[in-house]
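Here is a briefing on one structure. Look over the sequence and the fold, then read on for helix packing, the core and a few single residues.

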Amino acid sequence: MPSYILVLIVWVAILATVLFSVWKGGVAERWAGWLVGAGALYAFLVARFLDDEWRTLALLSGDFLLAAGFLALAVRYASLWLGGAMLLQAVQFTLHAWYMLGEKKPDFFHGVVNNADTMGILLCIAFGTATAWRRRVAAQKAEAARLDASPAAV
């Protein structure tokens, strides 16, 4: 499979996850979606406009900020899926740090781990969004049932 198709698949997954989290998620899911969307846009701009010398440091800085954002969300909202996203983002940060300190150019291993890690983060956010959506629907049904069961005021 050509690499541009894989890149397209990752970008579609990012866009779909961001839109799903903003559309159906709660506050934490929306923030996480916006963080991932902003991080993906940042990585795209870094790849397009910075040379190899600065690219690694810029990506490492972006990964740090994204991990810090997930940490802040995890502390504020204390959710299991946020903890998973935060840990996966720490793996992403470690990957870029390892390549930067080893003065290595990104290779096949880097691409596989980077994309698998990104997909894991997206799955965590999608899981959190689906859970929040399901809880909200269940709460609405319970409220509707409670209102139907209450005696009618005449």
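α3 and α4 pack at an angle of about 160°, and their axes lie 9 Å apart. That makes α3 roughly antiparallel to α4. This is a predicted model: local features need pLDDT of at least 70, side-chain atom pairs count only at pLDDT 80 or more, and totals for chains, interfaces and linings use all residues. Residues are numbered from 1 along each chain as its sequence is written, and side-chain values use heavy atoms, with hydrogens and water left out.

**Terms for helix packing**

- Helices (H or I, at least four residues) and strands (E, at least two) are DSSP runs, numbered from the N terminus.
- Axes are lines fitted to C-alpha atoms, for helices over the stretch in contact, and angles run from 0 to 180 degrees between N-to-C directions.
- Angles under 35 degrees count as roughly parallel, over 145 as roughly antiparallel, 65 to 115 as roughly perpendicular, and the rest as oblique.
- A crossing is left-handed if the near helix is turned anticlockwise from the far one by less than a right angle, and right-handed if clockwise.
- Contact means heavy atoms within 4.5 Å.

**α3 with α4**

- The crossing of α3 and α4 is left-handed.
- The contact of α3 with α4 has 17 nonpolar, 4 polar and 1 charged residues.
- In these counts, Ala, Val, Leu, Ile, Met, Phe, Trp, Tyr, Cys and Pro are nonpolar, Asp, Glu, Lys and Arg are charged, and the others, Gly among them, are polar.
- Ala-78 sits in the loop between α3 and α4.
- Its phi is near 45°, a positive value in a residue other than glycine.
- Ala-78 is exposed, at 66% relative accessible area.
- Buried means under 20% relative accessible area, exposed over 50%, and partly exposed in between (1.4 Å probe, protein chains only).

**α2 with α5**

- The axes of α2 and α5 come within 10 Å and cross at roughly 155°.
- α2 and α5 are therefore roughly antiparallel to each other.
- Their crossing is left-handed.
- On the α2 side, the contact uses Glu-29, Ala-32, Gly-33 and Val-36.
- On the α5 side, the contact uses Ile-121, Leu-122, Ile-125, Gly-128, Thr-129 and Ala-132.
- By class, the contact of α2 with α5 holds 6 nonpolar, 3 polar and 1 charged residues.

**α1 with α5**

- α1 packs on α5 at an angle of about 25°, with the axes 9 Å apart.
- That makes α1 roughly parallel to α5.
- α1 and α5 also make a left-handed crossing.
- α1 contributes Val-10, Ala-13, Ile-14, Thr-17, Phe-20, Ser-21 and Lys-24.
- The α5 residues they meet include Asn-115, Met-119, Leu-122, Ile-125, Trp-133 and Arg-136.
- The residues of the contact of α1 with α5 divide into 10 nonpolar, 5 polar and 2 charged.

**The nonpolar core**

- The largest nonpolar core has 19 residues, of which Ile-14, Ala-32, Val-36, Phe-70, Leu-82 and Ile-125 touch the most other members.
- Each of α1 (3-24), α2 (27-49), α3 (52-77), α4 (80-101) and α5 (108-149) supplies at least two residues of this core.
- Such a core is a set of buried Ala, Val, Leu, Ile, Met, Phe, Trp, Tyr and Cys residues joined through side-chain atoms within 4.5 Å.
- Ala-32 touches Phe-70, Leu-73, Trp-81, Leu-82 and Ile-125, leaving out residues up to four places away in sequence.

- Gln-92 lies in helix α4.
- At 7% relative accessibility, Gln-92 counts as buried.
- Beyond residues up to four places away in sequence, Gln-92 touches Asp-63, Val-113, Asn-114, Asp-117 and Thr-118.
- Ile-121 belongs to helix α5.
- At 5% relative accessibility, Ile-121 counts as buried.
- Setting aside neighbours within four places in sequence, Ile-121 contacts Val-36, Phe-70, Ala-85, Leu-88 and Gln-89.
- Ile-121 and Gln-89 are 32 residues apart along the chain, and their C-alpha atoms are separated by 7.2 Å.

**The loop between α4 and α5**

- Glu-103 is found in the loop between α4 and α5.
- At 73% relative accessibility, Glu-103 counts as exposed.
- Phi of Glu-103 is near 50°, a positive value in a residue other than glycine.
- Glu-103 and Glu-53 are 50 residues apart in sequence and 10.0 Å apart in space, C-alpha to C-alpha.
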